[in-house]
Number of protein chains: 2
Amino acid sequence: MRVLLGSGGIGTKERTARFKGLLTEHFEGCSRILFIPLASANHQDRVIKMRDLLGMDESNLVLIDQSHAEDQIQDVDGIYMGGGNSFLLIQELHRLGIVKAIRESVKNGMPYVGVSAGSNVACPTMMTTNDMPIVLPETFDSLGIVPFQINPHYYPGKITFTHQGDQHPHYGESRAQRISEYHMLHDTPVLGMWEGSYVHWDGEQGKLIGTGVAFYPDKESLDLRDGAVFDKGLNLRQSSA
Amino acid sequence: MRVLLGSGGIGTKERTARFKGLLTEHFEGCSRILFIPLASANHQDRVIKMRDLLGMDESNLVLIDQSHAEDQIQDVDGIYMGGGNSFLLIQELHRLGIVKAIRESVKNGMPYVGVSAGSNVACPTMMTTNDMPIVLPETFDSLGIVPFQINPHYYPGKITFTHQGDQHPHYGESRAQRISEYHMLHDTPVLGMWEGSYVHWDGEQGKLIGTGVAFYPDKESLDLRDGAVFDKGLNLRQSSA
């Protein structure tokens with residue numbers, strides 16, 4: 001398997017350059033990539049921006065056509081799942097009936113890139129999203145092309161916001177607290193990915209590019225450094241310890 | 001109607017004192033208040049802490065008993081809906097079949113206090129929650145005892161987090177951006193409530209205690225100051241303009 005999942009949050013020049021480099025490398029040898037921006041509105045805007053970034057045209061980066069999406073999946077050699085709202089995205093993927101086709105293609109080796117919501121739906125469920133539930137999907141079950149959950153846009157600890165020049169503390173739950181709520185009911189480990197970070201997954205093991213935290217249902221969380229290699233349970237491989 | 005909804009985030013002495021004062025005032029004349037902590041685990045811990053804070057005992061602040069919750073609603077003269085996870089809370093309220101009973105009682109004048117998730121479920125739907133979808137409820141439809149949506153723990157703009165002494169910017173979506181995603185699909189106005197803030201709703205008009213922002217589907221958002229009085233569309237009443 002060739003799966004690359006990004007946390008999102010690439011709002012600097014350096015991060016955008018890294019994103020472009022990783023995408024280009026990941027899709028090497030692909031002549032037709034299916035672009036799926038169903039997490040957002042303005043699909044045309046999104047695909048045009050991405051074609052600009054990657055130096056591709058409409059024959060290389062093909063916008064999903066909802067009237068024959070399943071055929072398109074058979075006709076391309078790569079999939080890019082864009083960010084936006086995960087609830088909307090998973091609802092649309094199920095409505096179009098393409099969850100199984102994507103899952104099978106990726107399990108058979110088709111390169112997949114997901115960013116933010118596109119990483120959430122690569123997981124067994126999209127339950128570790130940060131998004132607002134603006135639609136009620138029939139199920140939270142997702143592609144399951146990686147065996148763990150991802151919390152994209154992860155940050156450690158508490159946050160502050162700035163208003164009229166003053167910094168204010170925010171008392172609401174941290175991401176770690178929300179993930180521990182998830183683990184009250186579910187056993188799947190969760191990878192909290194700092195913004196600008198990526199995970200490569202090959203079907204057997206993952207490699208982190210950037211910074212992350214592994215959360216387990218039954219033990220202390222573990223900070224993961226750049227280059228960390230882990231198994232499907234997010235346990236570090238000896239070589240990267 | 002006598003509805004008091006809090007944003008949560010009362011992690012200072014001053015805020016806790018205000019919370020206690022407002023609750024005591026709101027429940028004045030109530031001899032039996034039903035405490036519903038279904039948004040969280042550890043119901044016993046929660047009720048004990050709240051009894052301590054309010055100086056009440058088990059006859060004044062009655063913990064919900066899932067075997068006869070509907071009867072309890074008929075037997076009390078106030079309802080307190082606690083915070084935690086809104087997905088879990090709305091699932092449990094529907095599973096117990098008490099949504100209608102609570103709605104009717106409150107519409108008939110029974111004082112209601114909700115905080116955080118307890119404010120989310122007072123709205124027509126719980127779609128403007130910040131929580132993680134750790135369970136899939138059968139519906140997002142909620143109590144609808146106020147006619148607008150609330151985003152509790154609201155903060156303006158972007159946030160920063162601190163790690164090993166350094167502040168880092170977070171690039172993920174702001175609350176205002178998430179609310180605008182909600183408004184791509186829905187028309188109900190949304191009240192973003194700063195932490196430590198409250199809304200009184202009497203069935204006709206609301207009054208803000210603290211700081212908030214009104215978001216509309218079709219016009220610019222409006223900053224609301226302490227004491228702002230508004231109608232069911234979150235439009236300011238002339239007297240408070």
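Modeller: A sheet in chain B

In this predicted model, N151(B) stands opposite G192(B) in β9(B). The two strands involved, β6(B) and β9 (residues 190-194) of chain B, pair in the parallel sense over four bridges. Strands here are DSSP runs of E of at least two residues, helices are runs of H or I of at least four, and both are numbered from the N terminus; two strands pair if DSSP finds at least two bridges between them.

These strands belong to an open sheet of four, in the order β6-β9-β12-β13 (chain B), and the pairing is mixed. At the edges stand β6 (149-154) and β13 (222-224) of chain B; each has a single partner strand, so one side of each has no neighbour in the sheet. From one strand to the next the twist averages 25°. Helix α7 (residues 175-185) of chain B packs on the sheet and touches β6, β9 and β12 (212-215) of chain B, contact meaning heavy atoms within 4.5 Å. The direction of α7 makes about 165° with that of β6(B). Axes are lines fitted to C-alpha atoms, for helices over the stretch in contact, and angles run from 0 to 180 degrees between N-to-C directions.

Residues are numbered from 1 along each chain as its sequence is written, and chains are lettered from A and ligands numbered from 1 in the order written. Local features need pLDDT of at least 70, side-chain atom pairs count only at pLDDT 80 or more, totals for chains, interfaces and linings use all residues, and side-chain values use heavy atoms, leaving out hydrogens and water.
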